[in-house]
Amino acid sequence: MAERPRVLVLNGPNLNLLGKREPEIYGSATLADVEADCIAVGDRLGLEVTCRQSNHEGELVTWVQEARGAQQALVVNAGAYTHTSLALHDALRACALPAIEVHLSNIHQREDFRRHSYVALAAVGMICGLGPLGYELALRALAARLGAVSKDKEAIGSKA
Ligand code: DQA
């Protein structure tokens, strides 16, 4: 069987606190729940999904750099670094892989400082405000884009 396209799901600072952190904004699912869903959905879509989380900007930058040549696409929820990190923006551009930005909350409905995203400038698309479903939708879009061989009749572009 052909190798499955590899997708890295990156979560940034404070997303390790999901489930406990401001549940009225971010919901009750934990990071472990979100990551398990990503791997399960990826499996159905014919993707090999790896999940990583860090509270450190430099570590996220290093992982994006390492993705070049090792992964075919990225799903990125950079947390607050979304709004501040030129370094992450540059790393995403340098790695030249399709990236989809995800936010659990609707960043356009909150404080003004959340409306600007350095990640969006380097991403093919952005999903926000749909909670953990946003990660699944991003994986579905990437599976279609990468031509993954899906077991899922509901996959975008599926002819099954
Ligand atoms: C977030 C939105 C960011 O503004 C915030 O700093 C986060 C989480 C989200 O998933 O809604 O940490 O990325």
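Ala, Val, Leu, Ile, Met, Phe, Trp, Tyr, Cys and Pro count as nonpolar, Asp, Glu, Lys and Arg as charged, and the others, Gly among them, as polar. This is a predicted model: local features need pLDDT of at least 70, side-chain atom pairs need 80 or more, and totals for chains, interfaces and linings use all residues. Residues are numbered from 1 along each chain as its sequence is written, and side-chain values use heavy atoms, without hydrogens or water.

**View 1. The shell around the ligand.** The shell divides into 4 nonpolar, 5 polar and 2 charged residues. Among them are Arg21, Tyr26, Asn77, His83 and Ile107, each with a heavy atom within 4 Å of the ligand.

View 2. A polar contact is a pair of N or O atoms within 3.5 Å. A polar side-chain atom of histidine 103 lies 2.8 Å from a ligand oxygen. Leucine 104 places a backbone N or O atom 2.8 Å from a ligand oxygen. For arginine 114, a side-chain N or O atom is 2.9 Å from a ligand oxygen. The protein covers 99% of the 320 Å² of accessible area that the ligand has on its own (Shrake-Rupley method, 1.4 Å probe).

**View 3. Cysteines.** A disulfide is a pair of cysteine sulfur atoms within 2.5 Å. The count is 0 disulfides. The sulfur of cysteine 51 is 4.9 Å from its closest cysteine sulfur, in cysteine 38, too far for a bond. For cysteine 128, the nearest cysteine sulfur, that of cysteine 38, is 17 Å away.

How values were computed:
A polar contact is a pair of N or O atoms within 3.5 Å; within protein, one must be able to donate a hydrogen and the other to accept it, and residues adjacent in sequence count only if both atoms are side-chain atoms.
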